[in-house]
Amino acid sequence: MKESEAGNFLHSQCFARIERITKRREFERVFKIGVRKKIGTLTLIYSPSDTRRIGIILDRHIKGAVVRNKLKRRLRDIYRKNKSCFKGECIIIAYKGTEVMDYNVLRDAVLKLLTKQGV
RNA sequence: UAAGUAAGCGGGGUGAUUGCUGCGCACAUAGUUUGGCUUACAAGUCUCACAUUAUAUGUGAUUAAGCAAAUUAUAUGCGUGGAGGAAAGUCCGGGCACCACAGGGCAGAGUACCUUGUAAAGCAAGGGAGUCGCGAGACUAUAGACAGUGCAACAGAAAAUAUACAGCCGAUGGUAUGGUGCAUUAAUUAUGUACCAAAAUCAGGCGAUGGUGAAAUAGUGAGGUAAGAGCUCACUAUCUCAAUUAGCAAUAGUUGGGAUUGGUCAACCUUACUCGGUGCAAGACUAAACAGAAGGGAUGAAGUUGCCCGCUUCGUUUGACCUUCAGGUAAGUCGCUUAGAGGAAUAAUCACUGUCCCCGAUUUAUCGGGGGUACAGAACUCGGCUUAUAAGCUUACUUAAGCC
RNA sequence: GGGGCUGUGGUGCAGUUGGGAGCACAUUUGACUGGCAGUCAAAAGGUCACGGGUUCGAAUCCCGUCAGCUCCA
């Protein structure tokens, strides 16, 4: 298992289901023990862990299924392309105003947030 | 050509890199199950299977390792499929599921011209009526106001069983005034009575007139009268009944009779018709935990003889076990889909290109630059409705102007 | 997935058998004061969420949209 995961990490940009935080309990655990950092409309919550996982939360005031899904896809894509920057369990919260950003601007913002967190 | 009406089409394309997801196949790893096979260990009861066989007997069941099969999960590879015209709003109706198989009454809700279509509908098509528009056409919650109750600000005489007021009339009856005649009286006075006169008044008659208002008891003309009035007549308008013609019908036309004592039912309401409720988070199945019942076994006490077995009675499952029954939470499966059930995929980035708009240049058809390319994302499913929608396109028709 | 409620000056709210668009605070101006606070007097500020319809007349009645809030699960 460890070897295959390491192999995925090296040459794969895939984003399987096990790399997502889906359950409500897991979210609450990360909220409790995690460290928060905020830049602009983005917030990152980080809690160290052996497995690398990510959760995405969108503000309630971002309306419309099309807009919400597109933002989620973009954040997921940023995670895929820059897996080496992520560690532990992270939750990204996007507040209103994020949906207007371009892809490149959004990527730079996320990476800046990660360096600030020191991940 | 311009303005407009109606019905539709349409929802960009190709490639590269990196990915998500359902199914199928192949392979690998891990787990689970199997009374399966082999070896070793253990071996008391029940039960089951197989063999000889009517009972009965023998073997197997436990644990460990290996093998085999089934199944689950994960990874990899290949193949194949993966969002709309509205998927939206949830405004109607159906399928499907459960609830007392669904029936009656009340309440409540909905619909309201006719015919046809449909599984059904408040939907669609055609027709009728009304309103709007020069017109093509559009819109309409299109039954009932002699069943009842209510409402109408301001203005106005009056806003609802019409009559109080202003006003008109003085035919009919009365009062008072004047004149004349007659009777009584001494009298030109006074009283009574009769007649006449014009103006007034009371009773009375009238509903024509009233600077209103959204709406005032049908409009015009003639007759009629004291004055007037649908009081009568003619024509017109509306409603209604009957006959007849056309039509399946709503309805329309004609003839005749009657009425014109309003408006509002998207005020309460009346009439006719329709509707049982809840909704896939419905519900079905498996089922740890948990509480319960029955049986077996175990154990304690008492009795049967001191002990053991057995039996009887009582107690115990908070001292432990097994089996069965029905209930059932967490969880899972089905419901559920040749898109799909996971916080929910169907894509992200880039390049070229199609199309439209603007600017500039000129060879008037091209080039260069810039910008735009919508609304919006399935969650059980289907038929409608409503709403959102970039550019472009098609068809039919109307009006106006010009030309032939 | 399925229900319910609300929308009125800048803010918070009244307003129902359909007929005047209002209240409080805030804002502006003036007076009282040497000045502020405060009080008094006055003024301005409204497509009654939007679009249709019924009606003589609609914030109100009916239909359809939009936005916000909320409940069940």
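Okay, let's start with a question: in which sense do strand 3 and strand 4 pair, and over how many bridges? They pair in the parallel sense, over 6 bridges. When I say two strands pair, I mean that DSSP finds at least two bridges between them. And helices (H or I, at least four residues) and strands (E, at least two) are DSSP runs, numbered from the N terminus.

Quick housekeeping. This is a predicted model, so local features need pLDDT of at least 70 and side-chain atom pairs count only at pLDDT 80 or more, while totals for chains, interfaces and linings use all residues. Residues are numbered from 1 along each chain as its sequence is written, chains are lettered from A and ligands numbered from 1 in the order in which they are written, and side-chain values use heavy atoms, with hydrogens and water left out.

Now the overview. Chain A has 4 helices and 4 strands, and from the N terminus the order is α-α-β-β-β-α-β-α. Of its 119 residues, 36% count as buried; buried is under 20% relative accessible area, exposed is over 50%, and partly exposed is in between, with a 1.4 Å probe and protein chains only. Take the contacts between residues at least 6 apart in sequence: 81% of them join residues at least 24 apart. A contact, by the way, is heavy atoms within 4.5 Å.

The 4 strands make an open sheet in the order 1-2-4-3, with mixed pairing. At the edges sit strand 1 and strand 3 (53–58), each pairing on one side only. Neighbouring strands are turned by 15° against each other on average, direction ignored. For angles like that, axes are lines fitted to C-alpha atoms, for helices over the stretch in contact, and angles run from 0 to 180 degrees between N-to-C directions.

Let's walk across it. Strand 1 and strand 2 run antiparallel, joined by 5 bridges. Their hairpin has 2 residues between the strands, and G40 there takes a positive phi near 65°. Next pair: strand 2 and strand 4 are antiparallel over 6 bridges, and S47 stands opposite E89 in strand 4. Then comes the parallel pair I opened with, strand 3 and strand 4, where I56 stands opposite I92.

Have a look at T43 in strand 2. K38 has T43 as its bridge partner, and T43 also stands opposite I93 in strand 4. Is T43 buried or exposed? It's buried, with a relative accessible area of 4%. Leaving out residues up to four places away in sequence, T43 touches K37, K38, I91, I92, I93, Y95 and L113.

Strand 4 is mostly covered, with 6 of its 6 residues buried. E89, I91 and I93 point one way, C90, I92 and A94 point the other way, and all are buried.

Now for what packs around it. Helix 3 packs on the sheet, touching strand 3 and strand 4, and its direction makes about 155° with that of strand 3. Helix 3 has 17 residues and reaches 24 Å from first C-alpha to last, close to the 24 Å expected at 1.5 Å a residue. That expected span is 1.5 Å times one less than the number of residues. Its buried residues are L71, L75, D77, I78 and Y79, and their cover includes strand 3, strand 4 and helix 4. D77 is buried at a relative accessible area of 16%. The C-alpha atoms of D77 and R107 are separated by 9.3 Å, and the two are 30 residues apart along the chain.

Last element: helix 4, residues 103–117. Which of its residues are buried? L106, V110, L113, L114 and Q117. Seen down the helix axis, these buried residues fall within an arc of 100°, so they line one face of helix 4; the arc is that of the directions from the helix axis to the C-beta atoms. As background, an α-helix has 3.6 residues a turn, so residues three or four places apart point the same way. The face turned away from the buried side carries the exposed residues K112 and T115. And the buried residues of helix 4 pack against strand 1 (35–39), strand 2 (42–47), helix 3 (65–81) and strand 4 (89–94).
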